[in-house]
Amino acid sequence: MRMNIRRHQQEQPVSKSDVSDETLVVNTISDKKQFVRLIERYEKPLFRYLYRCGVATQEDREDILQNVFMNVYKNLQQFDIRLSFSSWIYRITYNEAMTFFRKKKARPEIRLDANLESWIDLVRDETADTSAVARERLSSEIISQELSQLTKSYRDILVLRFFEDRSYREISDILTIPMGTVSTTVYRAKRALAARLARYTFN
Amino acid sequence: MTLHNFSSPIIAKTPFAKKVLRKIDDEHIAVRPRWIFLLRNRLLWAFAFLAVLVASVATAAMFFVLIHMDWQHALITHRTWIGFLRDSLPFMWIGILILFSGIGYAHIRTTAYGYRYPLVLSLIGIAVAVCGLGIIFFMSGFGQIIEENAHEYLPWYESVLYEKQSWLNGPNEELLLGAVTLQDNTMDHSQALANVTTA
C-alpha cells in the first residue's frame, strides 16, 4: 500500500473530475476535507443502489448512506489498491443495507426504474426464453414483483449485474463470493426470473 | 504528503455531504490506523494455519490407529465389517480433522481476499496441506505419541489399540488372549505338531 500511495502522490491531476478515487482516498487520509469529493461522487449512485436494493423510504436510505460514509471514512486505511474503490464502497453499502433489513426484519421491496428497457435487452440477449418478455413489454410492476419473489442471492446479483451494470469481477468483490459462483448464480437467477415471467407472456 | 491542487476550494455543496462531515466532526471520528487491518488479516492467516496444524496432528493420530487396527482379524473379532469399523474407526480424530479443517477454511475465507478462492480449490488446498503435514507427523512418530497421551489423559477417550485386547478375550467365541512368555527356538514346529496329534 505504501508503494501505491507513493505512486498516487506522484500523479498531479489539476481538475477534480480527473482525480481517481484512489488518489482521493490517499488525500483524505491526510486532509479530512477531501472526503467531500468522495461523498459527492458517490452520493447519487449509492442512493440509487439502495433504492434498487429495496430500501423503501428516503429517510432510511439517507440513514444507511450516512452510516456507509462514516464507515468508509473510519476504514479508509483498510482500502486496498488491488480492489477498485467503487467495488469497496458498494460492498460497504450492500452490507449496511443487509444489516438494515436484518434489524428491521423487513423484506426488500424491489422497484425498477428507467433502466428497465436496457435491462430487459440484457436478459433477452443472454437467455432466449426471455425474448417474449421484451416482446410483451411487461410492466415494471410485474417484473419488480417477480424479482422480489426470487431468493436473496438471485435478487442481489441481478440488481448488480443489470441495474448497476457491474462486471463479474466487481460483483465478486462487492458480494465477496468467488467469480465462478457469480457467473453460475447470474445464469440461474436469469432462468428463475424468466420462468416466473413466462406465465405472463403465455397469458 | 503532497496534496493535489484543485481548481476550486473544498466546500461541501450538497446538504448530505455537509451533514456527514458535521457528524464526523461531532463524533470525533478518526481514520483507523492501517496496522489494525494488517494485523487482523495476518491473525486470520495465523489462525487458519494453526487450525490446519491441529487437523494435521489429528490426521497423524488417525493414520496410526488405522494402521494398527488389526484389519486381518476383523471378521474374527467381529461378525461384520460394519461392526468392526464402528468399534475401530478413530471417530474422535476424524471429528477433529473435519472440525479444524472447517475452521481453517472459515478463517481463510474471511481474510482480505479469501473470498476470491473457489470453494473446491480451497478445500483441495487444505486437504493436501493437512494430509501432507499429517504424513510427516505420522512418520516422525508423533501420531503414536498423541494417541497414547489421549488414551492416558482424556478420561472419555479409550484407544482402540487397548480396547481391541478385550475383543480377543472371549473363550466362548473360541478366542483366548494370552502372552508369549517363553519361546523355544530350538523346537521343530512340525515335530511339536506331531507330538500334539499323537497325544
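In chain A, 65% of the contacts between residues at least 6 apart in sequence join residues at least 24 apart. The model is a predicted one. The secondary structure of chain A consists of 11 helices and 0 strands, and its elements, taken from the N terminus on, follow the order α-α-α-α-α-α-α-α-α-α-α. Chain A has 203 residues, of which 36% count as buried.

Chain B was described in the corresponding terms. It contains 9 helices and 0 strands, arranged along the sequence as α-α-α-α-α-α-α-α-α. Of the 199 residues in chain B, 18% are buried. Among the contacts in chain B between residues at least 6 apart in sequence, the share that joins residues at least 24 apart is 74%.

Chain A is divided into two parts: domain 1 covers 2-8 + 15-104, and domain 2 covers 116-202. The contact of these domains draws 9 residues from domain 1 of chain A and 8 residues from domain 2 of chain A. On the side of domain 1 of chain A that touches domain 2 of chain A, the elements giving two or more residues are α3 (35-53) and α5 (85-104) of chain A. The largest share of this side, 4 residues, is supplied by α5(A). Sorted by class, the side of domain 1 of chain A that touches domain 2 of chain A comprises 5 nonpolar, 2 polar and 2 charged residues.

The two helices named for that side of domain 1, α3(A) and α5(A), also pack against each other. Their axes come within 11 Å and cross at roughly 40 degrees. The crossing in which α3(A) passes α5(A) is right-handed. From α3(A), the contact involves Tyr42(A), Leu46(A), Tyr49(A), Leu50(A) and Cys53(A), and from α5(A) it involves Ile89(A), Tyr90(A), Thr93(A) and Ala97(A). By class, the residues of the contact of α3(A) with α5(A) are 8 nonpolar, 1 polar and no charged.

The crossing of α9(A) past α10(A) is right-handed. Asp156(A), Ile157(A), Leu160(A) and Arg161(A) represent α9(A) in the contact, whereas Ile171(A), Ile174(A) and Leu175(A) represent α10(A). The residues of the contact of α9(A) with α10(A) divide into 5 nonpolar, no polar and 2 charged.

Leu197(A) lies in helix α11 (residues 179-202) of chain A. It has 22 C-beta neighbours inside 10 Å and therefore counts as buried, the threshold being 20 or more. Leu197(A) and Ile142(A) are separated by 55 residues in sequence, but their C-alpha atoms are 8.3 Å apart in space.

In chain B, helix α2 (residues 34-67) and helix α7 (residues 142-153) have axes that come within 8 Å and cross at roughly 85 degrees. This angle makes α2(B) roughly perpendicular to α7(B). The contribution of α2(B) to the contact is Val57(B), Ala60(B), Ala61(B), Phe63(B), Phe64(B) and Val65(B), and that of α7(B) is Phe142(B), Gly143(B), Gln144(B), Ile146(B) and Glu147(B). The residues of the contact of α2(B) with α7(B) comprise 8 nonpolar, 2 polar and 1 charged.

Ala112(B) is located in the loop between α5 (91-109) and α6 (119-139) of chain B. With 16 C-beta neighbours inside 10 Å, Ala112(B) counts as partly exposed, since a residue is buried at 20 or more and exposed at 12 or fewer. Apart from neighbours within four places in sequence, Ala112(B) is in contact with Asp80(A) and Asn41(B). Ala112(B) is also 9.3 Å from Arg40(B), C-alpha to C-alpha, with the two residues 72 apart in sequence.

Methods. Residues numbered from 1 in each chain as written. Chains lettered and ligands numbered in written order. Predicted model: local features only at pLDDT ≥ 70, side-chain atom pairs only at ≥ 80, totals over all residues. Domains from an automatic or database assignment. Contact = placed C-beta atoms within 7 Å. Nonpolar A, V, L, I, M, F, W, Y, C, P; charged D, E, K, R; others polar. Axes fitted to C-alpha atoms, helices over the stretch in contact; angles between N-to-C directions. Left-handed = near helix turned anticlockwise from the far one by under 90°. Parallel < 35°, antiparallel > 145°, perpendicular 65-115°, else oblique.
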